[in-house]
Amino acid sequence: MLKYDLIIRDCLVVDPLNKINKVTSIGLAKGEIVETGDDLDGKVARQVVGFPGAILMPGLIDTHMHCSEWLGGELAFGMLSRAGVTTALDMAGPTTSVLHAMKKRGSGINVATLEAVRPGVSVKDLNPSYDECASLLQKSLSEGAIGLKLTGGHYPLTPEATANAIKAATDGRSYMAFHAGSAKNGSNIEGFMDAVEFADGRPFHMAHINAYCRGMIMKDPKEEMQLAIRTLKDNRQIVSEFHPAPLNGTSGKCKDNQPESHVTRNCLRMGGYPETEGGLRQALKDGYAQVSWENLDGENRYVQGMKAFEYWENMKGICTCCFPVNDRESAFLCASAVDENGNFVIDALSSDGGGIPRNFMIRYGYQLVTWGLWTIEDYVRMTSLNPARMLGLENKGHLSPGADADITIFDPIERKPLLTLVKGKGVCSNGVLLAEGGTVICTEKGYDSVKSAGLNAQIVNLEKSMLYAGR
Ligand SMILES: [Zn+2]
């Protein structure tokens, strides 16, 4: 009788929950971890593989990415897999579009989705009532989302409506994430402070902390980041993440001679350009703005200069524009801030990638270990254990016996994934995709919708999420 489907040998196995950090072996069977140990018997394994010099960790979990047809696009799934990600949270939806894209181009990974509260699209205007937010929540959950996303930084709501959405989502004990900003203040440190106030003590996930600290209000990005960190320390019901990418990603769409997204306007202002369509044209020609070119050799890629300008023109502005606005020093502060218990103030490292070509959790994120700011355990905590807890996924983020056999193996020198497994099955090996479709992490209300979309469904109990269960 075979005890293991697979034994993986010779890796540095890192699992902070179980305090494992040594070169050893791990045995998997039926999609679960059987055990970790030095003397696993290869004779009772279907297959034995070895990765000398590599790091083996519980699968990377990306708590901020985009994979809908609206934002990110259907290549996102493959791009995430190739970056070593096993589970990811889409931060905008539309949920039905994520499911559709996943059925078409899924890569075998697990995906959860939030539905954006978008004026004129998912809600009537920028001032939805509590009831309108609550009914959007119910509709989204039944489509397969786990909650709502406020995209105030890009598409602001009134302060009252913002508070309504947070109240509706948390009353419904669903997931709530917020890209800070409202009709009062934009996507900056003032918008961040407003977000804390509007939530009125309710838990939520504050998206990409680094994005609010670009020196637009207090001039010094570091000062803004210190204020953000102090505020998060005083409001531990808020969970958060940051990403390591120097470039942001925003909409290139213009209407009445102006970029629709307020973030795009901010970026133009920061670069000394007028906040107009003409300003964006010039920024693209000058190389200040880049574009994410969809499906250039099977992936979305950054393109700069006249080629970027022509692409944006051909797409009539309906493409992702990227600006070098993410301050490096404030990102560093994000990575290093700890609270009085020694826990990181910001809970996770994310990518804000997916279809935006910055799935840098290993490529840039691991450099924090190389540089010595993080231990390897810190890295795994920030990219797997904490993200699993944020989403309430008790069987992920660690390698305990019985846990899901979601595993990421990567080369720490090249900072490249070598093999990614989801529930024991290979989804990507050395950049080659091995799987299709995938599993949607949803609530009970969304189970039927996910199944009828032809995808696997995994029901999550959000009471276990860090939002409701605490750290
Ligand atoms: Zn995002």
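## Strand S1 and its partners

Strand S1 (residues 4-15) and strand S4 (residues 45-50) run parallel and are joined by 5 bridges. Within that pairing, Leu-6 has Gln-47 of S4 as its bridge partner. This is a predicted model.

S1 also pairs with strand S5 (residues 55-58), in the parallel sense, over 2 bridges.

## The S1–S2 hairpin

Strand S2 (residues 20-29) runs antiparallel to S1, and 8 bridges join the two. Leu-12 stands opposite Val-23 in S2. The hairpin of S1 and S2 has 4 residues between its strands. At Lys-19 in this hairpin, phi is positive, near 50°.

## Helix H2 and its cover

Which residues of helix H2 (residues 95-105) are buried? They are Thr-95, Ser-97, Val-98, Leu-99, Ala-101 and Met-102. An α-helix has 3.6 residues a turn, so residues three or four places apart point the same way.

What covers the buried residues of H2? The cover includes helices H1 (76-82), H3 (130-143) and H13 (447-452). It also includes strands S7 (85-90), S8 (107-117) and S25 (437-442).

## Ser-129

Ser-129 lies in the loop between S8 and H3. Why does Ser-129 count as partly exposed? It has 14 other C-beta atoms within 10 Å, and a residue is buried only with 20 or more, exposed with 12 or fewer, and partly exposed in between.

Ser-129 and Glu-313 are 184 residues apart in sequence. In space, their C-alpha atoms are 38 Å apart.

Methods. Residues numbered from 1 in each chain as written. Predicted model: local features only at pLDDT ≥ 70, side-chain atom pairs only at ≥ 80, totals over all residues. Contact = placed C-beta atoms within 7 Å. Pairing = 2+ DSSP bridges.
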